[in-house]
Amino acid sequence: MTSNNGQTPARRPDSGLSFVPPGWLVFVMAWSLYGLISAWRLVGEYGLPDRVFYLIYGGLAVDIITILWGLYLLGLAFGRSARFPRHFTIWQIATIIWLLARQAYVLTVPDFVFSGQALVVTGAEIAIGLLCIYLLRRGSEAETIYANPATESPPVLVSVIAAVLGIILGAVIGAVGGFFAGSVIADATDMSCFEGACGYFALFIGLAGLVVGAIAGGLFAVWRVHRRKRKPVA
């Protein structure tokens with residue numbers, strides 16, 4: 001609806017809470033990165049029961065999907081896309097379902113020990129996720145942030161291609177840089193190479209650099225694409 005002078009009435013000012021979901025998304029991606037690094041060393045453990053491995057492999061797969069899906073969502077957020085609230089809600093619902101399924105699996109499989117702290121952390125993750133869904137609901141102030149009728153964001157396909165290229169390039173740079181840094185640290189600290197300990201250390205640092213570089217490269221690529229001046233809508 002327009003006023004008598006033909007101008008569109010000003011929208012309600014945003015309270016700033018609409019920026020909580022992107023911040024939470026970045027935190028979850030970082031937490032997934034930590035999960036990848038922490039659980040990766042357990043892949044070669046042959047003494048663990050198969051039911052434990054099911055959870056480890058499932059967690060690794062979910063962490064990778066979370067990081068890649070999160071890069072896409074951040075592209076929408078950087079572009080102030082009106083599709084961000086709906087796509088974020090879908091991602092958050094899927095994340096909550098995974099958290100509930102993982103917790104139910106841990107509580108029902110006898111190979112795991114009950115942990116009240118883990119239960120509280122899972123409950124907090126679900127509560128924050130529900131809060132983000134509420135903040136991005138229809139009719140909320142988020143519409144004033146994630147919808148810009150004056151400009152047109154780059155196509156999603158462009159963001160996806162940029163993210164993939166950024167992930168690949170960042171992973172290569174991070175892996176090489178991490179392995180080199182690990183080798184230098186091992187030499188500088190006179191780390192023992194008994195049974196290949198120094199080599200495993202350098203490899204672990206290289207793997208960490210690969211994951212960090214992949215995420216940083218994807219984020220930078222998406223940010224760079226959306227930083228360009230966007231075309232006015234015709």
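What share of the 234 residues in the chain is buried? Buried residues make up 35% of them, where buried means under 20% relative accessible area, exposed means over 50%, and partly exposed is in between (1.4 Å probe, protein chains only). This is a predicted model, so to speak a computed one: local features need pLDDT of at least 70, side-chain atom pairs count only at pLDDT 80 or more, and totals for chains, interfaces and linings use all residues. Residues are numbered from 1 along each chain as its sequence is written, and side-chain values use heavy atoms, with hydrogens and water left out.

View 1. Helices (H or I, at least four residues) and strands (E, at least two) are DSSP runs, numbered from the N terminus.

**View 2. Helix H2 packs against helix H3.** H2 covers residues 50-78, and its axis sits 11 Å from that of H3, at an angle of about 170°. Axes here are lines fitted to C-alpha atoms, for helices over the stretch in contact, and angles run from 0 to 180 degrees between N-to-C directions. The two helices are therefore roughly antiparallel, the word for angles over 145 degrees. H2 passes H3 in a left-handed crossing, meaning that the near helix is turned anticlockwise from the far one by less than a right angle.

**View 3. Helix H3 also packs with helix H4.** H3 (residues 84-108) and H4 (residues 116-135) have axes 10 Å apart, at an angle of about 160°. That makes H3 roughly antiparallel to H4. Here, too, the crossing of H3 and H4 is left-handed.

**View 4. Five residues make a nonpolar surface patch.** Val-160, Val-164, Ile-168, Val-172 and Val-176 form this patch of about 410 Å². Areas come from the Shrake-Rupley method with a 1.4 Å probe, and for residues only the protein chains shown count as cover. Val-176 belongs to helix H5 (residues 156-188) and is exposed, at 56% relative accessible area.

**View 5. Gly-206 is a buried residue of helix H6.** H6 spans residues 197-227, and Gly-206 has a relative accessible area of 7%. Its C-alpha atom lies 8.0 Å from that of Ala-181, 25 residues away along the chain.

Technical notes: Patches are made of residues with over 30% relative accessible area and no salt bridge: like charges are joined within 9 Å, nonpolar side chains (Val, Leu, Ile, Met, Phe, Trp, Tyr) within 5 Å. A salt bridge is a side-chain nitrogen of Lys or Arg within 4 Å of a carboxyl oxygen of Asp or Glu. Angles under 35 degrees count as roughly parallel, over 145 as roughly antiparallel, 65 to 115 as roughly perpendicular and the rest as oblique.
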